[in-house]
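Open the structure in your viewer and keep the selection tool at hand. Each stop below gives a selection, then what is there.

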Amino acid sequence: MSAPEMAAAHRNIRRLDRIGLALTLATVLGAILWAFPLYWAVVTTLKPEAEVVQAGVVLWPRHFTLDNYFHVLFDTKIGLWYINSLITSGAVTLIVVVMAAGAGYAISQLAFPGRQALWWMILASFMVPIQALIVNHFILMSQFHLINTLAGVVGPQLIAPVTVIIYKQFFDSVPKDFREAAVIDGANNFHLLFRIYLPMNWGVTTALGIITFIGAWNLFLWPFLAVTSQEEMNVSVGITQVFDAFGVKYARDLATAILAAMPVAIVYLIFQRRVTQAIMLSAGIKG
Amino acid sequence: MLKSKRTEIAVALVLISPFLLIYGVLFIYPTVKMVQLSFTNAPLIGAGEWVGIKNFQRLSFDRLFISAIWNTVYFVVLSVIPSTLLGLVVALGVNRLKGWVQSFVLAAFFLPYILPVSVVFRVWSWMFDKDFGIAQNLIAPFNDGQHISIFRTVPLFMPAVAFVTIWWLLGFNVLLFIAGLRNISTEIYEAAALDGASRWTQFRRITWPLIWPVTVLVLTIQLILQLKIFDQVYLFANGGRADATMVVVQYIYKQAFQQSHGGLAAAASLVLFVVIAAFSILQFQLLRARGAT
Amino acid sequence: MVPLGTLGVNSIDASIGRSAKKAAAVENTMGGFEVFRKILSTALLTTALYAGAAQAKDTIVWWDFLGGGDGVRMKSMIEEFNKEHAGSVEIQATTLDWGVPFYSKVQTSAAVGQGPDMMTYHESRMPLGVSTGSLSPLSTDELKASGIQDSDFGPANWKAAQGPDGKQYGVPLDIHSIILYYNKTLLKQAGLLGDDGKPKGLDGLANWEAALAKLTTNGAVGLSVATADGGTIWRIFYTLLSQQDGVLLKDGKFLDGDNLGKATTAIAEMQKWVKSGWVPTKTEYPASIALFTSGKAAFHINGVWEVPTMVDLAKKGQLFDWGAIQIPAIYAHPATWADSHAFSIPNRQGNPVDPAKRKLVLDTIHWFNVHSLEWAGGGHIPAFLPVQNSAAFKALKPNSDYSSLATTAVFDPVSVLAGVASPVYDAAGNYVLPATNGEMVPADAAKQMRDDLQSQAK
């Protein structure tokens, strides 16, 4: 480049940096605003009820207290519920992701009779509201003697059309050259799936795993219907029976709710970097 | 070549058979039952008598059901496109950052997604509480110093619930968009930057077209998800003018669980399914036409 | 199988005496120091329960929906029962989400032969439970065999647990209603407090409105009510309707004849309270309580279940001098909405509760009735007349201040559309609530409520 061109490029870069800085600031500010309601909820649970309903905005508790959490932690079976949630959510996630990857790959890349019909059935299952099917699921699980078991809680959750749909779309967008090159090299379908398609989509797999796990952890209506004893309840069902006072209990209600969500949030925050990296793993088109 | 075709089918079978088994038992069978049920007057659980299309006729005359459909469409308009576009914007923002700043920003936008709907409900009804909610400090100046009960004021209800829903579910869209953005090679951007293309041009010419498949995917998923909206609307309307803001799945829930009208609820579910299918196909065709240009 | 009769349920008075002590003990709330004791006792109790479960000869599976303050009391009553019958009978109780989810779960479980041996049930929801075949009828003979008879309960209370076929589907435990909480200090300042510490001069429409107006000053309003909550609105509306001898449902017709006018009158009155500034508009449930307890409202209308809240606060010295009485007779005569918790046995298809277990369950129900003084600590009025009329209950404060409402209590209409979380409650939220808050004309609200409910009745 000539000297004037280089000067122009430098000016551009500086201007870009200012815009870049502005964009970064806007993003960070947006993030802070987005996270504020959660911060506010947590702060509320650390205040005594009387302080909660006072006038004025108090962004940090004047009288710090953990009372609102004690009752739930020590008077209920919440430890057991956490474990149940972990088992059922983990099982659902593992099975769904494996099945969906396989099915998504098959629909995306393989030719077999009934392929279109299968795809339409999956789309259709996404369009039917779960409330319409839930009673039939209950009857089915009852016939299999799976009521009030963790397996019964897991069963109907294995219908996860979204996961298949997303896998199929992402597998579709893998460029054909990769496939052709590998086939020429003598790869069979399993090689293709495990050496190319999946590795190129670890980000999606991680994302889907997280989403599935969270969905399973937070599910209420089905576990509520399927479970009759406290020992088999998951967290979202268990906390609805927390004995406490009526009356003014903003802080206590929020504390109970936050306790239910906390483990997943903590795990996410701890593994935040790994998760971000996994998602950010560049699929990279070389060359 | 016949051999490889047969192998292909065999492999496909292996990959989809557990899937098919579970779907057969837990989706096909219950859905068939549901369709059957919609022609009967069955209660929530148990058999009923055949009544032909009486349930569907009843639905067509039910003012509440019709308004539920309109409310659902209104909610979709308020939430689907904004949440998709916002998801893309946030994903772009996060993608540019590095290090702990990136982690913080991603966590802030994603953490709401981790929460169950009951927590989201409690957090936001507390934020907006008419007497003690902190958001009232922002609202009151625009309303002669008076607090407003957001969720108990009918015209404000849907926008408020849409707002909360976007806050809650944005993380899902952001994740998908980030995964999609990472599939675009950085070299294309570098080349464009060297050619002097501005940020906006880069977005319009590179990002937007290349991310289009993911955008379509997100739009479609959000469309179908929000047409099935229930939990937030139910929770925020509970105890108030629930009929005015009722959505279709809420109607189904009410008929099935509150009044034990299993047949009628099944019929409503079937109608909803047709509506969702119609909308999805319509959107898909529209978007495909756009994407081709 | 050891019949309960031999296990020490001797004289009713002795039991009531024990319950009185228990009721007092439950009042202790957790202080910080208590926490450590709690942890230890939880661990010990868990071990004890598991050990105990291994020994118990019979178990009763019990479902209730009593979370919240009630749940604390019920839990302690169950513990007492289990302790008293250790080695022979044990109640295994599970609490489930209140409202529509609970009733649906009972219905679906019973239909597939699952479900508990006994459960709590709102009397107001029994018509629906009977129509869906979820409840098992209790014969007069088996009830008598366990010491349960209709003469021990108020006639309206007992009848409300019957189905349209006249069969008995439940045994009442309590009557719960709405009452008028009041701030003695503020009332005294306005000259509305009698020498007995109770409000005076509230009877009759003119007096009531004058009192509200007088109590609404710059610092406080006359009355706080959850004006954003359909359930609260329903209960007050129904009270005002009944005080005019109005009836919501008769012979399958909603708000028929002059009942429509009476409904309009009731709604118009509620609208007047808000419009005149005596009652704040669109207040959410917890906020309405907070307004009262912080001294910003002289009166508060809410269920008896908030009595423990007031008692707790007063004990911590965080509440003014307060009291509670029956809702005054604003119209022709006193009447108050009421509902009742009852015990029922589910109708498990293909796996019914066997006769021996039924006897055990009914004996248990009788035990709970006999000991219902402890339950009264939650603000409720025991349905069991021997307890309701006992000296111990008459001495229980503040319950005895408002227990007079039991004689004029009006229960929800008997209909599958009525009761907790029902279309009737929804209609109150859809029509009476907006009218109260000034968004609908009262006459329209009454008419639309009638039309809506009539169209759902078939």
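Which residues touch the most other members of the largest nonpolar core? Select I166(A), W234(C), F237(C), L248(C), W273(C), F299(C) and F368(C): these are the ones, in a core of 332 residues. A nonpolar core here is a set of buried Ala, Val, Leu, Ile, Met, Phe, Trp, Tyr and Cys residues joined through side-chain atoms within 4.5 Å. Buried means under 20% relative accessible area, exposed over 50%, and partly exposed in between (1.4 Å probe, protein chains only).

Before going further, note that this is a predicted model: local features need pLDDT of at least 70, side-chain atom pairs count only at pLDDT 80 or more, and totals for chains, interfaces and linings use all residues. Residues are numbered from 1 along each chain as its sequence is written, chains are lettered from A and ligands numbered from 1 in the order in which they are written, and side-chain values use heavy atoms, with hydrogens and water left out.

**Stop 1**

Select helix α7 of chain B, residues 154-182. Helices (H or I, at least four residues) and strands (E, at least two) are DSSP runs, numbered from the N terminus.

Now centre on W234(C). Setting aside neighbours within four places in sequence, W234(C) contacts L248(C), W337(C), D412(C), P413(C), V424(C), Y425(C), A428(C) and M449(C). Contact means heavy atoms within 4.5 Å.

**Stop 1: chain A against chain B**

Show chains A and B together. Their contact takes 97 residues from chain A and 86 residues from chain B. About 8,500 Å² is buried between them, and carbon and sulfur atoms give 79% of that area. Buried area is the accessible area (1.4 Å probe) that two parts lose on being put together, summed over both.

Next, select helix α1 of chain A, residues 3-45. This helix gives the most to the side of chain A that touches chain B, with 18 residues. Colour that side by class: 74 residues are nonpolar, 21 polar and two charged. Ala, Val, Leu, Ile, Met, Phe, Trp, Tyr, Cys and Pro count as nonpolar, Asp, Glu, Lys and Arg as charged, and the others, Gly among them, as polar.

**Stop 2: salt bridges**

Over all chains, the count comes to 16 salt bridges. Pick R152(B) and E284(C), whose closest N and O atoms are 3.0 Å apart. R152(B) sits in the loop between α6 (136-139) and α7 of chain B, and E284(C) in the loop between α11 (259-275) and α12 (285-293) of chain C, so the pair joins two chains. R152(B) is buried at 11% relative accessible area.

Move to D363(C) and K359(C), a salt bridge at 3.0 Å, N to O. Both lie in helix α14 of chain C (residues 355-370), four residues apart, or about one helical turn. D363(C) is buried at 8%, whereas K359(C) is partly exposed at 33%.

Then select D258(C) and K262(C), paired at 3.9 Å, N to O. D258(C) is exposed at 54%; K262(C) is buried at 19%.

Finish this stop with R241(B), K282(C) and E439(C), linked in a network of salt bridges.

**Stop 3: chain C as a whole**

Show chain C as a cartoon. Look for 20 helices and 14 strands. Of its 458 residues, 60% count as buried.

How values were computed
A salt bridge is a side-chain nitrogen of Lys or Arg within 4 Å of a carboxyl oxygen of Asp or Glu.
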